[in-house]
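Q: Can you walk me through this one? I'll ask as I go.

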Amino acid sequence: DLLEREGRITVRDAVEALECPKRTAQFHLQQLKKSGIIQQVEKGPAAAYVISWSFPGYFTILSYDRIIR
């Protein structure tokens, strides 16, 4: 999974990996952030996200609307 391999992910990375519109990628990254799965480490156009180590378990984003742990 991209996030695990690279250690961080941007909206642009999510758009490319999931082949979805930018707003869709932003929405899903925000949902993961609200759930505590990822945390934002930068803001604005350079916004990046990393795995939140307080979240127990491993996850992989399979598509822009489905998560498996």
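Q: What should I know about the model before reading numbers off it?
A: This is a predicted model, in which local features need pLDDT of at least 70 and side-chain atom pairs count only at pLDDT 80 or more, while totals for chains, interfaces and linings use all residues. Residues are numbered from 1 along each chain as its sequence is written, and side-chain values use heavy atoms, with hydrogens and water left out.

Q: How many helices and strands in the protein chain?
A: The protein chain has 3 helices and 5 strands, taken as DSSP runs numbered from the N terminus (helices H or I, at least four residues; strands E, at least two). From the N terminus, the order is α-β-α-α-β-β-β-β.

Q: What about the largest nonpolar core, which residues have the most contacts inside it?
A: That core has 14 residues, and Leu3, Ile9, Ala14, Ala25, Leu29, Ile38 and Tyr49 have the most contacts inside it. A nonpolar core here is a set of buried Ala, Val, Leu, Ile, Met, Phe, Trp, Tyr and Cys residues joined through side-chain atoms within 4.5 Å; buried means under 20% relative accessible area, exposed over 50%, partly exposed in between (1.4 Å probe, protein chains only).

Q: Which elements give two or more residues to it?
A: Helix 2 (11-18), helix 3 (22-34) and strand 3.

Q: Switching topic: where is valine 41?
A: Valine 41 lies in the loop between strand 2 (38-40) and strand 3 (48-51). Its relative accessible area is 42%, so valine 41 counts as partly exposed.

Q: And what does valine 41 touch?
A: Leaving out residues up to four places away in sequence, valine 41 touches Ala48, Tyr49 and Val50, where contact means heavy atoms within 4.5 Å.
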